[in-house]
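Please keep the sequence and the coordinates in view while reading.

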Amino acid sequence: MPTEKRTADISGPFSGRYPATRLRRLRRTPALRRLVQESAWSAGNLVLPCFVKEGLAQPEPIPSMPGVVRHSLKSLASAAKEAQALGLGGVLLFGLPRRKDAQGRGADAADGIVQQGVRAIKRAAPGLAVMTDVCLCEYTDHGHCGILRGRSVANDATLKRLAAIAVSQARAGADLVAPSAMMDGQVRAIRRALDAAGFADTPIMAYAAKYCSAFYGPFREAAASAPAFGDRRGYQMSPANREEALREVALDIEEGADLVMVKPASAYLDVIRAVKERFHWPTACYQVSGEYAMLKAAAARGWVDEARATDELLTAMRRAGADLLITYSAVTVARRLSTTRTTGRQ
Ligand code: PBG
């Protein structure tokens, strides 16, 4: 094959050729670079995860997640006010109950900590979208995401619990519920329960492709939710699998998911891309605690520039196809956007 032909094939039928074409022309000034920028985000794409702990008088710092705290109800309300003022897409709420038990009863109590947290946010920032994590691991004394039968998590018994949790959160005023337990059929069970309880308009964001990841380490410290025995490989996905993620997403959409999520984010950009291309569905990704902790740790030593590295990672997630970026950096990034520019970019 002639060399000429091979070059043309690689660069595509519409590409030009040096010296008529010089790609550096559009990189010359900030204005020109901005003009041809493909991926960007604004505060409205960002969702801030928040922890609220029962019985706290003062917020408690989380050592492995600098800048993140376990909130008291009062500090949660002020965080929500700021999130609303910055125009964030929303907050995703996790509750840390005073007492844990085998059934995770704190999770769907009418006056449970998340239910109180939702009401506090709604009072302080009525215009802010409040999302709630639907799972049992923060509420069970064994730390697993469902109800145990012996030493394994019983899928179908867990569905009833998850459905009850989602309904109680909707009743407290949650704008959206986000099941993260990775039980089969959880979206269907929650959809049915919400509809039956009069919450047909409450959307579900499914943690559809949630991988069994080492990057959840700091979260488990923050929520004291590490499994007391074993691990989560029996319900969360293997990092090796991409096609299985597409099956998970297909099933969740069929069961009624309004948004689907890929989690973690940075190590799964190919999965985000595949999901977006295949389903054209609102897609979120979750930059999890360990991803955040790595960034903060390197930045603290001066090894990477925190702002630039954060922007670069969020840009990559948007470039991969995510609409919503769930990130512990949401407030820091949005503050910076509001003082310097209106969209994030490199
Ligand atoms: C609950 C849940 C977890 C995370 C979000 N929801 C923990 C887990 O699965 O162990 C992790 C979030 C993070 O690491 O930031 N099931």
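The protein chain contains twelve helices and twelve strands, where helices (H or I, at least four residues) and strands (E, at least two) are DSSP runs numbered from the N terminus. This is a predicted model, in which local features need pLDDT of at least 70 and side-chain atom pairs count only at pLDDT 80 or more, while totals for chains, interfaces and linings use all residues. Residues are numbered from 1 along each chain as its sequence is written, and side-chain values use heavy atoms, with hydrogens and water left out.

The C-alpha trace of the protein chain spans about 70 × 45 × 40 Å along its principal axes. Its radius of gyration is 22 Å, which agrees with the value near 20 Å that a compact globule of 346 residues would have; this radius is taken over C-alpha atoms, and the globule rule is 2.2 Å times the number of residues to the power 0.38. Of the 346 residues, 51% count as buried, where buried means under 20% relative accessible area, exposed over 50%, and partly exposed in between (1.4 Å probe, protein chains only). Among contacts (heavy atoms within 4.5 Å) between residues at least 6 apart in sequence, 75% join residues at least 24 apart.

Helix H9 (residues 269-279) and helix H11 (residues 306-320) pack at an angle of about 30 degrees, with their axes 8 Å apart; axes are lines fitted to C-alpha atoms, for helices over the stretch in contact, and angles run from 0 to 180 degrees between N-to-C directions. H9 is therefore roughly parallel to H11, since angles under 35 degrees count as roughly parallel, over 145 as roughly antiparallel, 65 to 115 as roughly perpendicular and the rest as oblique. Leu269, Ile272 and Arg273 of H9 meet Ala316, Met317, Arg319 and Ala320 of H11 in this contact. Within H9, the residues Val271, Ile272, Ala274, Val275 and Lys276 are buried, and their cover includes H8, strand E10 (259-263), E11 and H11.

The loop between H9 and E11 holds His280, which has a positive phi of about 50 degrees although it is not a glycine, and which is exposed, with a relative accessible area of 61%. Trp281 also lies in the loop between H9 and strand E11 (283-287), but at 30% relative accessibility Trp281 counts as partly exposed. Leaving aside neighbours within four places in sequence, Trp281 is in contact with Ile253, Ala257, Asp258, Leu259, Val260, Lys276 and Asp323. Another cis peptide bond runs from Tyr18 to Pro19, with omega near 10 degrees, and Pro19 is placed in the loop between H1 and H2.

Elsewhere, Gln236 sits in the loop between helix H7 (217-223) and helix H8 (243-255) and, at 4% relative accessibility, counts as buried. Not counting residues up to four places away in sequence, Gln236 touches Met182, Lys210, Tyr211, Cys212, Ser213, Tyr216 and Arg220. Met182, in turn, is found in the loop between strand E8 (176-179) and helix H6 (186-196); this residue counts as buried at 7% relative accessibility and has a positive phi of about 60 degrees although it is not a glycine.
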